[in-house]
Amino acid sequence: MTSTAPGRGQQAARNNVAILAAAREVFLADKRAPIAAVAERAGVGISALYRRYAGKDDLLRTLCHDGLRVFINEAEQAAGEPDDWAAFERFLRGVVDADVHSLTVHLAGTFTPTEQMHADSVRANEAATALFERARHLMRPDVAATDITMVLEMCAAVRVPDAVRTAALRRRYLAVLLDGLRTGTTLPAPPPTAPEINWRWSTPQ
């Protein structure tokens, strides 16, 4: 008798892809939306969603942790570039193109991160800081690593109804911001502090 387990596994995998894509759309529009809205958008039964995720917090954690892993991967891939500025630029473009910050910043403070997420956050920060320090000698003297977080958030804030156009505009403004890091006069205010960057992750939203 032929087993149907592989077919069920493939269907479960397809459902999971649909659930995560739908969750991204739903929670970007409204982070307080119920989990039932995700199942409806994904075209799956609520029971199929709960078989994979224990609840909304579990789903939110998965979305944000996936984004964190993408961030780490982009940093590690860029680290192989021999040119300091090319490595830094490749990293930022990869993160912007992957649209990591749109969701992670939007959902900050809406769930409790796991210990693994905390560990990966440290790893992400170390990888990004290493790329920044490599390119530091080519930047304005008063640019700080925390400025890069804000640069990525500014790019993520660019959004128009057309996804292709959104991606193109984000690359446009990233280029403007990258030029701003390299040249110009003294910046008019100090860079953001670590508490200013991280406050939203400890504040209920």
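Tutor: Start with valine 160, in the loop between helix 8 and helix 9. Keep in mind that this is a predicted model.

Student: Why does valine 160 count as partly exposed?

Tutor: Its relative accessibility is 31%. Buried means under 20%, exposed over 50%, partly exposed in between. Valine 160 therefore falls in the middle class.

Student: Which residues is valine 160 in contact with, leaving aside its neighbours within four places in sequence?

Tutor: Arg165, Thr166 and Leu169. Thr166 and Leu169 are among the buried residues of helix 9.

Student: What do the buried residues of helix 9 pack against?

Tutor: Helix 5 (84-98), helix 6 and helix 8.

Student: What makes aspartate 162 a cap for helix 9?

Tutor: A side-chain oxygen of aspartate 162 lies 3.1 Å from the backbone nitrogen of valine 164, at the N-terminal end of the helix. The cut-off for a polar contact is within 3.5 Å. The pair therefore qualifies.

Student: How does the reach of helix 9 compare with what is expected at 1.5 Å a residue?

Tutor: Helix 9 has 20 residues and reaches 29 Å from first C-alpha to last.

Student: Why are helix 6 and helix 8 called roughly perpendicular?

Tutor: They pack at an angle of about 100°, with axes 8 Å apart. The class runs from 65 to 115 degrees. Helix 6 and helix 8 therefore belong in it.

Student: Which residues make that contact?

Tutor: His101, Ser102 and Val105 come from helix 6; Leu152, Glu153 and Ala156 come from helix 8. By class, that is 3 nonpolar, 2 polar and 1 charged.

Technical notes:
Residues numbered from 1 in each chain as written. Predicted model: local features only at pLDDT ≥ 70, side-chain atom pairs only at ≥ 80, totals over all residues. Heavy atoms only, no water. Axes fitted to C-alpha atoms, helices over the stretch in contact; angles between N-to-C directions. Helix = DSSP H or I, 4+ residues; strand = E, 2+ residues; numbered from the N terminus. Parallel < 35°, antiparallel > 145°, perpendicular 65-115°, else oblique. Contact = heavy atoms within 4.5 Å. Nonpolar A, V, L, I, M, F, W, Y, C, P; charged D, E, K, R; others polar. Expected span 1.5 Å × (residues − 1). Buried < 20%, exposed > 50% of the residue type's maximum accessible area, 1.4 Å probe, protein only. Polar contact = N/O pair within 3.5 Å; in protein donor to acceptor, adjacent residues only side chain to side chain.
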